[in-house]
Amino acid sequence: MRRGVPYRLLRLRFVATDRYLRRLAVFAAFYNLGLSGYLALIVVFLVRSAGLASGAVGGTGGLLGALAAGPLTRRYGTSRGLVLNAVCTTPFTLLIPLTAPGPRLAFCVAGVAMLEGGLIIASIIMGSFEQAYCPPEMLGRVITSTQMLTYGTAALGALLAGGLASWLGPRNAMWIMLSAGLLPGALLLTPMFIRHRDLSQRRLTADGMTA
């Protein structure tokens, strides 16, 4: 740690100035905005629009995502694997607002499975990278700083979803919040992530330099 730099400010600088941590934190924050909106709406949407019980859908996608994360990163690397995950899973979440009673219930099953699977894969890749990239003495503080940002957007997303549902109805609100969830993937469609197979495998030191 540099002399005269408070530890709290140093941990924020880690996230704000490092090109990987900064982009991944912003990606997670915007993703959480759409995800929290979805979570705030899904029960009302399923009951009112699809005639389902609130717990009738979900669970399988998370298990499949956990199983797929390892093979995905081994074949494509952590950087390209993260990009492929965003590109291949998030568009399918737009199937969820198409849900209706009858055969169209399949849209909800497929959409929720892809959402859960994509979330788990992204969490595993990003969590593993942070553990390997950040120095041990800074890891907990970096995670805390990132969570402050993501939890803040989660609260905003839930409030926004509730307001939109009251104004436009649950289905239209679901369209908007899940569409917003597509935007974070654009942050990954840059040469820094596409051209390199893996995220940086060099560990940072406590002063923000690579070891």
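Me: Which hand does the crossing of α2 and α7 have?

Reply: In this predicted model, α2 crosses α7 with a left-handed sense.

Me: How is the packing of two helices described in general, and at what angle and axis distance do α2 and helix α7 pack?

Reply: Two packed helices are characterised by the angle between their axes and by the distance separating those axes. For α2 and helix α7 (residues 170-180), the angle is about 155 degrees and the axes are 9 Å apart. Angles over 145 degrees count as roughly antiparallel, and α2 is therefore roughly antiparallel to α7.

Me: Which residues make that contact between α2 and α7?

Reply: From α2, the contributors are L33, G34, G37, Y38, L41, I42, V44, F45 and S49. From α7, they are P170, R171, A173, M174, M177 and L178. Sorted by class, this contact of α2 with α7 comprises eleven nonpolar, three polar and one charged residues.

Me: How do α2 and α5 pack, in angle and axis distance?

Reply: Helix α2 (residues 19-50) and helix α5 (residues 105-133) meet at an angle of about 155 degrees, and their axes lie 12 Å apart. With an angle over 145 degrees counting as roughly antiparallel, α2 and α5 are therefore roughly antiparallel to each other. The crossing of α2 and α5 is left-handed. On the α2 side the contact involves Y20, L21, L24, F27, A28, Y31, L35, Y38, L46 and A50. On the α5 side it involves L105, C108, V112, L115, G118, L119, M126, F129, E130 and Y133. The class count for α2 with α5 is 18 nonpolar, one polar and one charged residues.

Me: Which backbone atom lies 2.5 Å from a polar atom of the T89 side chain?

Reply: That atom is the backbone oxygen of N85. N85 is also found in helix α4, and its relative accessibility of 6% is why N85 counts as buried. Beyond its neighbours within four places in sequence, N85 is in contact with L72, T90, G117, G118, I121 and A122.

Me: Where is I194 placed, and what is its relative accessible area?

Reply: I194 belongs to helix α8 (residues 191-194). Its relative accessible area is 41%, so I194 is partly exposed. With neighbours within four places in sequence set aside, I194 contacts R80, L188 and L189. The C-alpha atoms of I194 and L82 are separated by 9.5 Å, although these residues are 112 residues apart along the chain.

Me: Finally, how many helices and strands does the chain have, and what share of its residues is buried?

Reply: The chain has eight helices and zero strands, and its elements run α-α-α-α-α-α-α-α from the N terminus on. Buried residues make up 44% of the 211 residues. Among contacts with a separation of 6 or more, 79% are between residues 24 or more positions apart.

Conventions: Residues numbered from 1 in each chain as written. Predicted model: local features only at pLDDT ≥ 70, side-chain atom pairs only at ≥ 80, totals over all residues. Heavy atoms only, no water. Polar contact = N/O pair within 3.5 Å; in protein donor to acceptor, adjacent residues only side chain to side chain. Axes fitted to C-alpha atoms, helices over the stretch in contact; angles between N-to-C directions. Helix = DSSP H or I, 4+ residues; strand = E, 2+ residues; numbered from the N terminus. Parallel < 35°, antiparallel > 145°, perpendicular 65-115°, else oblique. Left-handed = near helix turned anticlockwise from the far one by under 90°. Contact = heavy atoms within 4.5 Å. Nonpolar A, V, L, I, M, F, W, Y, C, P; charged D, E, K, R; others polar. Buried < 20%, exposed > 50% of the residue type's maximum accessible area, 1.4 Å probe, protein only.
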